Amino acid sequence: MSTNETDIEELVAKKYKHGFITDIESETFEPGLDEDVIRRLSKLKGEPQFMLDWRLKSFAIWQKMRQPNWAKLNIEPIDYQSISYYSAPKSPDDAPKSLDEVDPKLLETYEKLGIPLHERAKLAGVAVDAVFDSVSVATTFKGKLNDAGVIFCSFSDAVKEHPELIEKYLGTVVPPRDNYFAALNSAVFSDGSFVYIPKGVRCPMELSTYFRINAANTGQFERTLIIAAEGSHVSYLEGCTAPQRDENQLHAAVVELITEQDAVIKYSTVQNWYPGDEEGKGGIYNFVTKRGDCRGARSKISWTQVEAGSAVTWKYPSCVLRGEGSVGEFYSVAVTNNYQQADTGTKMIHIGANTRSTIIAKGISAGKAQNAYRGLVKIFPTAKNARNYTQCDSLLMGDQCGAHTFPYMEVKEPSAIVEHEATTSKIAEDQLFYCRQRGLSEEDAVNMIVNGFCKDVFRELPMEFAVEAQALMNVSLEGAVG
Amino acid sequence: MNLDPNNYRAALANTLKQDADAGHPEWLLPIRNEALEKFLKQGFPHNKLENWRYTNLAPMSERSNASVAQPAAVGDVIVPVTDSDSLTLVFVNGMFSSQKSSSTSVPAKGIVSNMAAQLDTDGAEDWLRNSGDSDLAQLNLAMTNDGAVVQIPDNIELAQTIHIIFTNTAEANVFPRVIIRLGRNAKATVIEHHISNAACVSTAVTNISCGEGSRLNYQKLQEEHARSFHVAAQTIKLAKDSHCDIVNIDLGAAIARNDLRILLQGSGAEVGVNGLFLVDGERHADNHLHLEHQAAHTRSRAHYAGVMANKGRGVFNGMIHVLQAAQKTDAALNNKNLLLTQGAEIDTKPELEIYADDVKCAHGSTTGQLDAASLFYLRTRGVPQQVARNMLVQAFAVEVVQQLANESLREYIQNSVEQRLNELVAVIET
């Protein structure tokens, strides 16, 4: 291709824009993991007994498990004893009640990220439960949500204020023994978000949480639980960016979604954690278990994700389509550059009759990155007239990278229709030529084509995320044309 | 799965004795010993292995263990239709039958013969060493009594079809082996046909290499007895500008497995694969296709159709693997499955593993029942429901059968496919 080599080198060499560390004092556990650490963690968070028991039970399960190695990932062995399992910003006693009370340094961090919390909250009507290194520091729009009867709070608060809901729903979608990382998370999860939308309520605003990893050597173990009662509706946004760091950081999150009859949950993620440098040094290890359970008839769970960061991504947001006529959706863009590795996809488990699912996955691989789609569509004999459509497209930029597709389809019901399509190609020269001919720079042309490639997914994102996602795409792939 | 090594070692001793009696060359002995020890070390593949996730060979391993040393008695031999002018090699219970075979002569010192008769030929060692690394190939190598060798010299075009028939009449273990070597610009059509009227256990290996600019039509037909096991591994290597058309049809066996590995090693190599599997009753058919594009400007097309009914279970795994050197690869793979009745199952996994950027690769897979709109169309034309169904199912399968090059064989297979499908469709109605 007629690309100007030096331009590309220059562009590829661009540093991670969000690489900075906020200098605040943290209260941090010394590295290591045993039962005592879990007891201390639970005590520190003032948790009821059932929570501690659950954590200890999970820890026992985790100890008997081994880290899975079936994914197409090349991972340095992780020393789980060298990680600190708790880190919180200082002075948790006087948690801020409004933005004015928020540590100005934190606000500064958000400014740097281009997310002015207060302005954004006001302008966009978004309530932000900002998780900063595991402990909730600012919650806005609480009143408005209260009026609607919506519970939206940090997981720790929910454990204290709504223990009955936690006890009822926690681990019912992703049980501790589900997999290695889910078990680890269940034992040591630090904080996260809890959402409960009561019957018939349409949540009055988009809910969003920004997860950030800040303190050095701190594993981040988020746990999110969203319950949409009969006929309710909620759209939840999750976005991530992290400061630059040399050592690999471990992140093992669990997200559980539950929809009752006719309820809808839309879960959107933009993930832009530190991917490591050009040599593949550093970067976040991201092992996430996300699963939604469509329990009620005609309920719907929709996952949208833009995965641009992390050195290693291991993530399969899934839907269990139990309720009759329930719907699962998965829209994903995964971008990998330099030495990034991603093994991501979804599972659609069709159990109920007339269940439907759609999977649109777009993978973009550049530099020396490896990008794999791994998915399962399973149709049980009970899923009469189930329907699945899957489309996986991969775009390769440069001859050092790889793009892989591993779709599993297991069909046990003759009335079901399952369709799968996948393609792999590079950016077509005629498309590039056409754009160049119209006076667009190589860079702009590539951005335009890539954004077009991802359009099917981007248009599923809420407005403000769509803008961020496009910008992110351009940053991640700057000059990676080859 | 517990293997009794003594059982296998005893069987090997028996095979080695036969080798000695037949005056086979001595280099065979260490090869066989090594292969058996390798096999005993790894044992039968099990469900924990990704490649064997959906196929359980436990019933086969039990039978293999118990009867590996049994000599096979010859009973009623069934030999399928052959063209009068085709070169036929017939093996009954693993042993070559010169009576049933036609006399074969190939110009310019080519070979179309049984392997045992040709072990003194230069390069014969290569036929047996080159067994690939598939899971049961080592067992085949240790135990194989005989097989077919097709060696076509440079620039020779063989007009006649070569029909290799492995027919089994006893409940015994057989280890068929087929070697095909095509020289530069050679051309041939080879049919590998497995057919049995007793519950045999067949572990087959086929090694093919196509020289520069050669052209091969290779067709494998499997019509084993309904209680037999058939596990086959084929490796096909394609040199520069060679072209191979493959048809793979599975109609029989209780458990059938094909590992078809195609290596496109020279630029300009091209391969087309058409597969069909019919599984009804409690049959299980597993087709693994591995297309490895190693060189630039290589092209592959693959199409597999599966029809499942009753408690039949079909498995398909199709991998397109493009190495970094294989720029300008053009690969497409398509798998269509028809589930006719409740209780049937298909597990399909089309895969892409791509390390070169300037490529065009695609795969697709669909699973469903008969298209309601097509059925309706036929009904509006006054075609009765059952006939309409039958027409559509036949059309689905016939697409693959029509790729068979040999006319009389095509007719023969088409008839048996039609008959089987008629029975299947009749089952839906009741």
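This is a short chat about how to read a few features of the structure above.

Visitor: What should I know before I start?

Guide: This is a predicted model, where local features need pLDDT of at least 70 and side-chain atom pairs count only at pLDDT 80 or more, while totals for chains, interfaces and linings use all residues. Residues are numbered from 1 along each chain as its sequence is written, and chains are lettered from A and ligands numbered from 1 in the order in which they are written.

Visitor: How many helices and strands does chain A have?

Guide: Helices (H or I, at least four residues) and strands (E, at least two) are DSSP runs, numbered from the N terminus. Chain A comes to 13 helices and 23 strands.

Visitor: What share of chain A counts as buried?

Guide: A residue is buried if 20 or more other C-beta atoms, placed from the backbone, lie within 10 Å of its own. Here, 55% of the 482 residues of chain A are buried.

Visitor: How many residues of chain A are in contact with chain B?

Guide: Two residues are in contact if their C-beta atoms, placed from the backbone, lie within 7 Å. In this model 30 residues of chain A are in contact with 31 of chain B. On the chain A side, β21 (387-397), β22 (402-411) and β23 (417-426) each supply at least two residues.

Visitor: Which classes of residue make up that side of chain A?

Guide: Ala, Val, Leu, Ile, Met, Phe, Trp, Tyr, Cys and Pro count as nonpolar, Asp, Glu, Lys and Arg as charged, and the others, Gly among them, as polar. The side of chain A that touches chain B has 14 nonpolar, 10 polar and 6 charged residues.

Visitor: What is the angle between α1(B) and α2(B)?

Guide: Axes are lines fitted to C-alpha atoms, for helices over the stretch in contact, and angles run from 0 to 180 degrees between N-to-C directions. Helix α1 (residues 5-21) of chain B packs against helix α2 (residues 28-42) of chain B at about 165°, with the axes 11 Å apart. Angles over 145 degrees count as roughly antiparallel, so α1(B) and α2(B) are roughly antiparallel to each other. Among the residues making this contact are B:Y8 and B:L12 of α1(B) and B:L36 and B:L40 of α2(B).

Visitor: Which domains does chain B have?

Guide: Domain bounds come from an automatic or database domain assignment. For chain B, the assignment gives domain 1 (5-265) and domain 2 (371-430). Their centres, taken over C-alpha atoms, are 32 Å apart. The contact takes 12 residues from domain 1 of chain B and 11 from domain 2 of chain B. On the domain 1 side, β10(B) gives the largest share, 3 residues.

How values were computed
Parallel < 35°, antiparallel > 145°, perpendicular 65-115°, else oblique. Buried ≥ 20, exposed ≤ 12 C-beta atoms within 10 Å, placed from the backbone.
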